[in-house]
Amino acid sequence: MTISLKDLDPHEMNDWCPGCGDNGILAGVKNTIVNLGIDPHKMVVVSGIGCSSKLPNFINTNGVHTLHGRAIPFAEGIKLANPELTVIIDSGDGDTYGIGAGHFISAGRRNLDIKLFVHDNGVYSLTKGQASPTLPENRKVKGIPAPNINGAINPLELALFSGYTFIARTTSYNIKEMVDLMSKAIRHKGLALVDILQGCPTYNPEFTSSQWFMQHTKPLPETYDPVVKNPSDISEANQKKRDALSMMMGDDDMNIHTGLFFQWENPDTFESRLEARHIPAAISEQIADKDNKSTIDLEKTLSSLIV
Ligand code: SF4
Ligand code: MG
């Protein structure tokens, strides 16, 4: 299908601050849809709560702006109901790695075919810039009175240990790399994370400027090979996991690699487990006859609720 950026014009103009990296990520998502020729009617963008979570309102696809930390289970439900849909999540670091951390980990146990694009700016920006779970220890940002007393989590390592089968990082200023990684994530069969280091000029201007990222990020070495060649070979997959972990642990707060760290098209997806148990997707259930009359017997359901 041929679609253009114009087809994805928003329902409403966005209200992000001037220079906000969410604009770059929105451009990345739109270009990815155009790049892959995805029918906007077959795409769902799901978000939680935060500045970044407004994104579904600013793109002309299906979208759900859900509850704080709850984007993942919503997205999983949508994908399970209709596996033909492309389901992506655009949410923030606070939403995904803070209150949503349990869902983030549990998603790895399932390896369902959904894609997480996490807007990672190190702060809870919608609520005036408190430290998020990815803000490094001792880093001072505008919204906190003293340097951060908490340590940071590494979302890529957490994803690797949780069972994600596609793990990547980019920045909101590098649209070319972002579109490449988002496109690969969508083509990947399984659970994918693209952590996007995002500019927040309002609450974290010093450590998320384009200049700071230019100085402190660099692409993974060309010799680094993240892809498991034989998806059925567990020992190859484990070796690639060790390589990825080593690369992730070699980074620090001031030296950060971007690119694809790990990809394994593990045939053990949640969809394959449902198929093995002969559990069909809800979309395949017949709910009306040829005259559009409901074929669902609500009486049975309602009577089961009588106490
Ligand atoms: Fe963007 Fe930060 Fe403004 Fe939120 S507060 S819209 S993340 S620049
Ligand atoms: Mg944030």
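These notebook entries record what I looked up in a predicted model.

**Conventions.** I number residues from 1 along each chain as its sequence is written, and I letter chains from A and number ligands from 1 in the order in which they are written. In this predicted model, local features need pLDDT of at least 70, side-chain atom pairs count only at pLDDT 80 or more, and totals for chains, interfaces and linings use all residues; side-chain values use heavy atoms, with hydrogens and water left out.

**Entry 1: helix H6.** I noted the buried residues of H6, among them Glu177, Met178, Leu181 and Met182 (buried means under 20% relative accessible area, exposed over 50%, partly exposed in between, with a 1.4 Å probe and protein chains only). Their cover includes helix H1 (21-36) and strand E10 (256-263).

**Entry 2: the magnesium ion.** Which residues coordinate ligand 2, the magnesium ion? I found Asp93 (OD), Asn121 (OD1) and Val123 (O), at 2.1 to 2.2 Å (donors are N, O and S atoms within 2.8 Å of the metal, or 3.2 Å for Na, K and Ca; water is not among the atoms, so sites may look incomplete). Asp93 lies in helix H3 (residues 93-99) and Asn121 in the loop between E4 and strand E5 (123-124), 28 residues apart. Asp93 and Asn121 are both buried.

**Entry 3: Leu116.** I placed Leu116 in strand E4. Leu116 counts as buried because its relative accessibility is 1%. I then listed what Leu116 touches, leaving out residues up to four places away in sequence: Ile72, Ile89, Thr96, Phe104, Tyr164, Leu191, Ala192, Leu193 and Val194 (contact means heavy atoms within 4.5 Å). The C-alpha atoms of Leu116 and Thr96 are separated by 9.2 Å, although the two residues are 20 residues apart along the chain.

Methods. Helix = DSSP H or I, 4+ residues; strand = E, 2+ residues; numbered from the N terminus.
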